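Please look at the sequence and the structure shown here before reading on. The report after it is meant to be read with both in view.

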Amino acid sequence: VKQLVLAAVVAIALTTASQAHAQLAGGVTLEAQTAAAARIVVGTVSSTNVVSVTNAAGDTYIATEVVVAVSRTIKGTATSTLTLTIPGGTLSGVTMRAPHERIPLVGERLRVFAIADGPRWKVLNGRQGLMRSVD
Amino acid sequence: MRPRARLVIATLLLASCCLVPLSAYVTIGHVWGKASVPYKINPANDFMIASADLIAAVQAGATQWGTTAAQFAFSYGGTTSTAVLANDGQNNVFFRNDTNGSYIAETWWWYDATNHLVDFDTVFHEGLVPMFVGSTGCSGGIYITLPAMHEFGHGLGLWHSDDSTAVMTASQGYCDPRSTLGADDIAGVTFLYPPSSGSSGTPSTPPATTSVPGQPSAPSPKNSGSAARHVNLSWTAGAGATLHDVYVGPCTATAPLYAINLTSTTLSLSTLNALTAYCWRVVERNSAGDTAGPLWTFTTRKN
């Protein structure tokens, strides 16, 4: 079992590292991402809910509220949950998407880089701010 | 925060971590139901760029998409004072003095139940880097036309390309003066709006190959069944799935992610705890997105 688990962890770590490398080449260093994030947490998505949002700038959009059960806080205020408001979702037969955003699934374990958006929290730099985590 | 070497146009990450090489351009099955799509520009900006110059720079980005053999073109519909992202039936491009992470610009779109796009809006975030028009004089910033081309590419249904030389790649360098599409961009728009798909005004059919995957099914061991402590999980892949993630663990907690990017629909587990209920879930994936399957369970036997 240990060998199997170790192999799986190594395999996942390798793919994660590959992903991170692609991200770094994409434009923002991990250091910059870390510095810019107000909160960095590790946790598991416990629920999602699609809502209509109007933000401070007046943008009106469909968003998915993603509740992350926080198991570890790396930066920022420690709370048991972090609710992310991510543009995208389906309401009344209309779907909104933002190509740079990804809506995680319930059960996904993530390392989240978040910044404040008025009273809400959003993911910093879209997909680059949601890293799959195995720890 | 100003990255030294490269800048993000709309997003920084290519479609999730794929170990399997993808075709360069990426679509997710959404197109306009007409061959000519109007847009408006709000030329208000904080860069002291004259309205006419800014409009010309943005238009140059839009116009490029109409120069291919594809049955598609954007049509300029004049100026607007609108400066919000909203599904208001009007496709707007505007500039806002703010930042959103490292985005130079971003595009949001809306589509209906038939997978046809119904609205898109693009915002340029002025707070990240200086922006310039034309193809000379840029210093430490970006020329507007390249990200405009990129964002209009989103507006017609393209996502980020895996071709780093494409306009639709996720990031661009400083002061890149390009104002024409690359071969991959042209291939992408031609795929979405084939030249033979009819005359102007004829609705395009959303590509059928880029829908999100279907649900996984037929689990083995059977759901709620029993299994040996060494068990081979298997299932029937959801339609269109190219990769599979598996979450599995004792049912006493949320099943953790155990394996990602599987290309086969089997997973071997050994020496599990005896007489223990295990929960597992398969997430089917492709370039269009993810589809989580139902939570399945099995209970291990004593031996």
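Predicted model: local features only at pLDDT ≥ 70, side-chain atom pairs only at ≥ 80, totals over all residues.

Chain A contains 2 helices and 8 strands. Of its 135 residues, 49% count as buried. When contacts between residues at least 6 apart in sequence are taken, 60% of those in chain A join residues at least 24 apart.

Chain B has 303 residues, of which 53% count as buried. It holds 3 helices and 19 strands. Here 70% of the contacts between residues at least 6 apart in sequence link residues at least 24 apart.

## Strand β6 of chain A and its partners

Strand β6 of chain A covers residues 109-117 and pairs with strand β1, residues 39-54, of chain A. The two are antiparallel and share 6 bridges. In this pairing A:G43 is opposite A:L110 of β6(A).

Strand β6(A) is also joined to β8 of chain A (residues 130-132), by 3 bridges in the antiparallel sense. There A:R111 faces A:M131 of β8(A). A further antiparallel pairing, with 4 bridges, links β6(A) to strand β7 of chain A, residues 120-123. A:D117 has A:R120 of β7(A) opposite. The strands β6(A) and β7(A) form a hairpin with 2 residues between them, and A:G118 in this hairpin has a positive phi near 65°.

## A three-strand sheet in chain B

Which strands make up the open sheet of 3 strands in chain B? The order is β11-β13-β16, and the pairing is antiparallel. Strands β11 (217-220) and β16 (266-269) of chain B are at the edges; each has a single partner strand, so one side of each has no neighbour in the sheet. On average, neighbouring strands of this sheet are turned by 10° against each other, with direction ignored.

Strand β13 of chain B spans residues 231-236 and is connected to β16(B) by 4 bridges, the two strands running antiparallel. One bridge pair consists of B:L233 and B:L267, the latter in β16(B). In a regular strand, side chains alternate between the two faces of the sheet.

## A buried aspartate, B:D119

B:D119 is part of strand β7 of chain B, residues 116-125. What is the nearest side chain of opposite charge to B:D119, and how far away is it? The side chain is that of B:K34, 9.7 Å away. B:D119 is buried and has no salt bridge. A salt bridge requires a distance within 4 Å.

The side chain of B:D119 does have backbone nitrogens as polar partners. One of its polar atoms lies 2.7 Å from the backbone nitrogen of B:G89, and the side chain also reaches the backbone nitrogen of B:Q90 at 3.2 Å. Setting aside neighbours within four places in sequence, the residues in contact with B:D119 include B:W32, B:W108, B:W109 and B:W110. Others among them are B:N87, B:D88 and B:N91.

## A buried valine, B:V58

B:V58 lies in helix α1 of chain B, which covers residues 51-63. Is B:V58 buried or exposed? B:V58 counts as buried because its relative accessibility is 0%, and the cut-off for buried is under 20%.

Apart from residues up to four places away in sequence, B:V58 touches B:I41, B:V93, B:F95, B:I144, B:A148 and B:F152. By contrast, B:V283 is 225 residues from B:V58 in sequence, and their C-alpha atoms are 40 Å apart.

Most residues other than glycine have a negative phi, and most peptide bonds are trans. The peptide bond between B:S220 and B:P221 is cis, with omega about 5°. B:P221 is in the loop between β11 and β12 (225-227) of chain B.

A:N125, in the loop between β7 and β8 of chain A, has a positive phi near 60°. A:N125 is buried, at 0% relative accessible area. B:L275 also has a positive phi, near 50°. B:L275 is in the loop between β16 and β17 (277-286) of chain B, and is exposed, with a relative accessible area of 60%.

Terms used:
Residues numbered from 1 in each chain as written. Chains lettered and ligands numbered in written order. Heavy atoms only, no water. Buried < 20%, exposed > 50% of the residue type's maximum accessible area, 1.4 Å probe, protein only. Lys, Arg positive; Asp, Glu negative; His and termini not counted. Polar contact = N/O pair within 3.5 Å; in protein donor to acceptor, adjacent residues only side chain to side chain. Contact = heavy atoms within 4.5 Å. Pairing = 2+ DSSP bridges. Axes fitted to C-alpha atoms, helices over the stretch in contact; angles between N-to-C directions.
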